[in-house]
Amino acid sequence: MNRDERVVRELVSEYGRTYADEAGIRLKDTPQPLYRLLVLSLLLSARIRASVAVAAARALHEDHLDSARRMAGADWQQRVDALGRGGYRRYDERTATQLGDGAELLLERWHGDLRRLHEEAGGDTGELKRLLQEEPGMGPAGADIFLREAQSVWPEVAPYLDGKALSGAGRLGLPKDPDKLAGLAGDTEPAVLAAALVRAALDEEVAEDCLRRAG
């Protein structure tokens with residue numbers, strides 16, 4: 001096992017948890033978990049700690065705001081309150097509006113089912129990213145987050161390692177090439193690899209720990 005393989009093994013072993021898993025989302029190619037991932041991706045894309053975004057996503061789920069229909073049917077204050085309970089206070093009012101508008105668009109365009117958006121993209125990852133950004137508040141960063149995680153159930157997207165994940169690879173001294181990284185990871189799910197690389201990009205201590213463990 002060469003140096004790069006050891007680094008990837010340590011990275012995945014210690015930090016290979018997807019953000020969907022952290023938020024309690026059992027990701028499947030069905031409407032509810034995909035919608036919850038969309039919401040989580042929107043929350044994570046703001047300039048706020050990932051742990052706060054995850055807590056806010058959990059709070060929305062606890063209030064049963066876990067489908068486009070339920071989110072659209074909730075009033076604005078209910079969304080604000082759930083976000084606030086998760087600690088997502090800096091952006092709570094704007095995000096509550098975006099979640100409501102986004103749920104209505106999803107219902108109107110794709111009947112609340114992101115599989116229809118997936119189908120509309122016709123297997124084209126670039127088109128998937130473009131369509132996701134039609135959702136209010138979803139910019140390129142949010143679409144990247146969604147696709148990094150969704151590649152576990154939409155395998156034609158894999159390996160989806162965006163700029164943030166490749167930044168983590170660079171910090172670890174690994175090749176900044178998605179196919180080479182996937183090869184180093186062996187049987188590891190690309191979504192797990194992507195999440196671990198992002199954690200290294202966001203936290204220098206993660207990278208230092210992996211390098212120390214790999215020798």
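1. Leaving out residues up to four places away in sequence, Glu-10 touches Cys-210, Arg-213 and Ala-214, where contact means heavy atoms within 4.5 Å. Glu-10 is found in helix α1, which covers residues 3–15, and with a relative accessible area of 14% it is buried. Buried here stands for under 20% relative accessible area, exposed for over 50%, and partly exposed for what lies in between, with a 1.4 Å probe and protein chains only.

2. As to provenance, this is a predicted model, in which local features need pLDDT of at least 70 and side-chain atom pairs count only at pLDDT 80 or more, while totals for chains, interfaces and linings use all residues. Residues are numbered from 1 along each chain as its sequence is written, and side-chain values use heavy atoms, with hydrogens and water left out.

3. The protein chain has 14 helices and zero strands, these being DSSP runs numbered from the N terminus (helices: H or I, at least four residues; strands: E, at least two). The radius of gyration of the chain is 17 Å, close to the 17 Å that the globule rule gives for 215 residues, so the chain is as compact as a globular protein of that length; the radius is taken over C-alpha atoms, and the rule is 2.2 Å times the number of residues to the power 0.38. Along its principal axes, the C-alpha trace spans about 55 × 35 × 25 Å.

4. Buried residues account for 50% of the 215 residues in the protein chain. Of the contacts with a separation of 6 or more, 63% are between residues 24 or more positions apart.

5. In helix α8 (residues 114–121), the buried residues are Leu-114, Leu-117, His-118 and Ala-121. Seen down the axis of α8, these fall within an arc of 100°, so they line one face of the helix, the arc being that of the directions from the helix axis to the C-beta atoms. Their cover includes α3 (31–44), α7 (92–110), α9 (125–132) and α10 (140–150). Just after α8, Gly-122 adopts a positive phi of about 60°.

6. Is Arg-47 buried or exposed? At 74% relative accessibility, Arg-47 counts as exposed, and it is found in the loop between α3 and α4 (50–62). The C-alpha atoms of Arg-47 and Tyr-91 are separated by 9.3 Å, although the two are 44 residues apart along the chain.
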